[in-house]
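Work through the following exercises with the model open beside you, and try each task before reading its solution.

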Amino acid sequence: MKKLFLNMGLLVMAIHLFVGCSVQENKYRRPNIVLINIDDLGWADTSFMGSEFYETPHIDDLSKQGMLFTNGYASAANCAPSRASLMTGKWVQRHGIYTVGSSERGKTQNRKLIPIANTNTIKDDFVLLPQILKENGYATCHAGKWHLSDDPLKKGFDVNIGGSHVGHPSSYYPPYGNVNLEATDKRLTDLVMDKTIDFIDSVSGPFFVNYSPYAVHTPIQPVDKLLEKYRAKQGPKGASNADYATMVQNLDQNIARLVDALKNNGAFENTFIVFTSDNGGLFAVSDQHPLRSGKGSYYEGGIRVPFFFLWKNKIKPHQKSKEPISNLDIFPTLLKVAGITKPNGLQLDGMDLCGLLVNNERSKERALFWHFPIYLQAVRKKNENRDMMFRTRPGSVIRQGKWKLHYYYEDNAVELYDLEDDPSEQLELSQLNMEKTDELKYKLSDWLEKTKAPIPKLLNPEFRANAKSEIIKNQ
């Protein structure tokens, strides 16, 4: 009988240790966490996602050591709302950050509706991921772009390397302009990594690094020593920008330095690494084919991003998943990884991915949602948006399984796409599959109502109807 109880006890212990991402087996060796959130890196802008022009051998190697998601999404199509959702774990309508600056983007005569007012700074009453980690014994470091408030040190970080409300640097060349770092003779991205490594070298307990090195956001300023190689290299039209390619390679080289620092400190094997981008790539710089459009658009090129997780001896290497996930899932996943119980009353809109990452457990199919009740102007006339004037007009989007539905508030128009057969979103199916259209419209409407999402309804008195006719003609 004693042996039976002993065996049962061992079984319970084994289940406890290996279900999900439990770290309770040794609370003193909680994993370090490195969150790599690149700025404007497109779904197709790395060699591990298929690019034959942009070179990212070190990131490629990391992606093979864990689980890669081919249907990984940002929670918004531009940087500020996506980062706010990642740090709060909440959909955009809960924190109110929809864009950068004003929600009244583009010419007023082309906007039929008055958009919902935008919030530019994350409010103090939101509990952020770094705050919870810090309260639970993690040393916390922010490195690079923050964009959500003036001072990351007031939002849960012990160390801040160049982060502020700034959305992009005036220059990657010294003296960097609007980035508050003492200038050296180094490129901004190299200096940010120098200081990140200094932080890793300085800590002994578990640490959290939020690494977001401004790159590869504009200004597109090449790394001169790499430029000749890419100018001599042939690549596909629209996805072979030599200047941009040098920036991507510089990013790759700095991530190699980060990995080396982890290994030199004996921390790599006990570090949970997330790699993703805050939104899709900027179409004017590098298109995301076969995905449609780019940053600022809610077509796939604007929201689908490179996304993988790595944790030695926990997540099996060489895995590739088609499961749709969102950067909203990062918050609950990291709490589980760190062995932290979610604080009472904290509402998180993402899903803990640990069961999928560690045990390959498939979750019940869920819907992903996006809400954008404002305007975002186009950056050039040639684009793949719905019209030539805006990357996005007010609307909401749902993806469930292979189906994706766009809903637009100006004219109540819908678009339905089968992403499995048509990832380029070229064949619009709403009239051919009205049953699926109605089903997704109902689910989207129900979500909007339950989350109290603000819907733009007021007409803009300065709107010119002839401008709208011009848009329809050019669709």
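**Exercise 1.** Find how many aromatic pairs the rule gives, and examine the pair of Tyr407 and Tyr409.

*Solution.* Rings of Phe, Tyr and Trp (its six-membered ring) pair if their centres lie within 6.5 Å, and planes under 30 degrees apart count as stacked, over 60 as edge-to-face and the rest as tilted. By this rule the count comes to 21 aromatic pairs. Tyr407 and Tyr409 form an edge-to-face pair, with 5.4 Å from centre to centre and 70° between the planes. Buried means under 20% relative accessible area, exposed over 50%, and partly exposed in between (1.4 Å probe, protein chains only). Tyr407 counts as buried because its relative accessibility is 19%, and Tyr409 is buried with a relative accessible area of 12%.

This is a predicted model, in which local features need pLDDT of at least 70 and side-chain atom pairs count only at pLDDT 80 or more, while totals for chains, interfaces and linings use all residues. Residues are numbered from 1 along each chain as its sequence is written, and side-chain values use heavy atoms, with hydrogens and water left out.

**Exercise 2.** Locate the aromatic cluster that contains Trp311, and state which lysine lies over the face of Trp311.

*Solution.* The cluster is formed by Phe69, Phe272, Phe307, Phe309 and Trp311. A charge sits over a ring if NZ of Lys or CZ of Arg is within 6 Å of the ring centre and within 35 degrees of the ring normal. Lys314 lies over the face of Trp311, at 5.4 Å from the ring centre. Elsewhere, the charged end of Lys233 sits over the ring of Phe53, 5.5 Å from its centre.

**Exercise 3.** Describe the largest nonpolar core and the surroundings of Ile36.

*Solution.* A nonpolar core is a set of buried Ala, Val, Leu, Ile, Met, Phe, Trp, Tyr and Cys residues joined through side-chain atoms within 4.5 Å. The largest one has 57 residues, of which Ile36, Phe207 and Phe275 touch the most other members. Helix α8 (residues 242-264) gives the most to this core, with 11 residues; helices (H or I, at least four residues) and strands (E, at least two) are DSSP runs, numbered from the N terminus. Contact means heavy atoms within 4.5 Å, and, leaving aside neighbours within four places in sequence, Ile36 has contacts that include Tyr211, Ile255, Leu258 and Phe275. A second, separate core has 43 residues, among them Leu128, Phe307, Trp311 and Leu334.
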